[in-house]
Each structure stands twice: as structure tokens, then as C-alpha cells.
Amino acid sequence: MHWLIRKLLFLWIKVRVLPADIDRERLAGGQVVCYVLEDNALSNYLVLYGVCEQRGLPLPREAEDKPGGQPRSIAYLRRYRGIFVRRTDGKVSPTLEGLVQSGMDDPAFDVRIVPVSLFWGRSPDKEKSWFKLLFADSWGVAGRLRKLFLILVHGRNLFLRFSEPVSLRQFVDENPDPVRSVRKLSRVLRVHFRRLRVATLGPDLSHRRTLVN
């Protein structure tokens, strides 16, 4: 099902990848990669998968239950629950917890953590269409219906940014307690995503939401 949805999605969207010269060696450097998305929106995962497939990058995969299956290589910093009202569950990513625990158990274990950010549309201060501004990517939580409009309105102006990889080993070695280690890693990722969002969309100002209303 995901394969079909991804194919239909890429018939419409146009993705600008940053940095433009990203390749497998620069991203992975021969190591295992785990991508981190800010939230668990299916559309973001499918876009990331499609871009990695097109460019020959390691694929972001969900875990397979069968013995010897592909290990999980995608983590979500936040997970949202609910159909009509989207709320964060407030839990630490179980994937990051598992990676940290593997690092604690095996001193030779390391993974390249790659934060990936997606922005649908231009910065609001550069957008001249009130209709596009109404459905511009913002700081608020996008429900399923609003996400659909984001794709339809801004799908031809989508930006995907691969940030510089960070070493899981660094966090494990600095914090021998697994709970503290995963919390620090999560906090660093949250700060990174927030700074990048500020740089791309501008600060979360109340007058902007008033303008949209």
C-alpha cells in the first residue's frame, strides 16, 4: 500500500533536496544510518523514502518482525495520536531508546543519526498568495485534512533537508546512564529542529496566526 501511495504522491510533488550534492558516501560514510523525522506524518516518511530511493541513499525502513529482518532505520522525535484532534503522546522515541541500549551493550556499536526536515511551501513572509499563506507550513500541528491541503497547494514547492549526521556513540560515551543518554539525544534533536524551523519559517509569532485568520 505504501508503494502505491508513494508513486501517486511523486506524480504530484516536486522536491528540492538540500544539500543538492548529497550522496551515499557523504551521508553514511560506510556506517549504519538512522534517519530522524520531527514527527510521524506518513507523507513525510514517504517523501524521504522516495528521495533516498532516487539518489541511492540508505533507505529508511520500518522494523521487520521476521528473524533476520531489516533493522529499523527511521525514528520519529514526536508521535501524534488521534484522527480529528492530533495530540503528541509525549513519549521518548522507542527507536532511539533501542539504539542507545544497543550502544550500551556493545562498545563497538555506532549509528549515524541523520535529522531530516521537510518544509511544504515558502516562508510566509515571501508568499504573496493569501490562499497559499492560509495553508502554509507552520508551527502548529497539521491534522490529516490540513496535511492533504498542504500537499495539494505546496506539493510543487517542497524542501527536504538532510542535516549533518551525528554519532550515536558520542552520546552513549558521554552518558553511561541509558535514560539520560536518550533524553540528551532527544533534547539535542528537538533544539536542532526548532532552530532550523526558525531559520526557514521565522519565529512562531502571534501576529502571523492573526494574519492567517
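**Close-up views of a predicted model**

**Figure 1. A nonpolar patch sits on the surface.** Met1, Trp3, Leu4, Ile5, Leu8, Leu11 and Leu42 form this nonpolar patch, and together they have about 790 Å² of accessible area. Keep in mind for this and every other view that the model is predicted. Which helix gives the most to the nonpolar patch? That would be helix H1 (residues 2–12), with five residues. With a relative accessible area of 75%, Met1 is exposed.

**Figure 2. The whole chain, for orientation.** Step back for a moment before zooming in again. The chain has nine helices and eight strands. Of its 213 residues, 42% are buried. The chain exposes about 12300 Å², and carbon and sulfur atoms supply 55% of that. Now think about who touches whom: among contacts with a separation of 6 or more, 75% are between residues 24 or more positions apart.

Figure 3. Take a look at strand S2 (residues 33–39), which is mostly covered. How many of its seven residues are buried? The count is seven of seven. S2 pairs with strand S6 (residues 112–120) in the parallel sense, over five bridges. To spot this pairing, find Leu37, which stands opposite Val116 in S6. S2 also pairs with strand S3 (residues 74–78), again in the parallel sense, this time over four bridges. Here the residues to look for are Val36 and its bridge partner in S3, Ala75. A handy thing to remember while you look at strands: in a regular strand, side chains alternate between the two faces of the sheet.

**Figure 4. Two cysteines, and no disulfides to look for.** Curious about Cys34 and Cys52? Cys34 counts as buried, at 1% relative accessibility. Cys52 counts as buried as well, at 0% relative accessibility. As for disulfides, the structure holds zero of them.

**Figure 5. Ser43 and the residues around it.** Ser43 has its place in helix H3 (residues 42–55). Is Ser43 buried or exposed? Its relative accessible area is 10%, and the cut-off for buried is under 20%, so Ser43 is buried. What does Ser43 touch, leaving aside its neighbours within four places in sequence? Its contacts are Leu9, Trp120, Lys147 and Ile151.

**Figure 6. Arg6 and Glu53 join two helices.** The structure holds seven salt bridges, and a few of them get their own views. In this one, the side chains of Arg6 and Glu53 meet in a salt bridge, at 3.7 Å from N to O. Arg6 lies in helix H1 and Glu53 in helix H3, so the pair ties together parts that are 47 residues apart in sequence. How covered is each partner? Arg6 counts as buried, at 8% relative accessibility, while Glu53 is partly exposed, with a relative accessible area of 41%.

**Figure 7. Glu164 reaches a distant part of the chain.** Glu164 forms a salt bridge with Arg26, and their closest N and O atoms are 3.7 Å apart. This pair links distant parts of the chain: Glu164 is in the loop between strand S7 (158–162) and strand S8 (166–167), Arg26 is in helix H2 (residues 24–28), and the two are 138 residues apart. Glu164 counts as exposed, at 55% relative accessibility. Arg26, at 35%, counts as partly exposed. Look around the pair and you'll meet Asp21 as well: Asp21, Arg26 and Glu164 are linked in a network of salt bridges.

Figure 8. Arg169 is buried, with a relative accessible area of 14%. Asp173, on the other hand, is exposed, with a relative accessible area of 54%.

Terms used:
Residues numbered from 1 in each chain as written. Predicted model: local features only at pLDDT ≥ 70, side-chain atom pairs only at ≥ 80, totals over all residues. Heavy atoms only, no water. Buried < 20%, exposed > 50% of the residue type's maximum accessible area, 1.4 Å probe, protein only. Pairing = 2+ DSSP bridges. Contact = heavy atoms within 4.5 Å. Areas by Shrake-Rupley, 256 points an atom, 1.4 Å probe, with all protein chains shown as cover. Disulfide = S-S within 2.5 Å. Patch = residues over 30% accessible without salt bridge, like charges linked within 9 Å, V, L, I, M, F, W, Y side chains within 5 Å. Salt bridge = Lys/Arg side-chain N within 4 Å of Asp/Glu carboxyl O.
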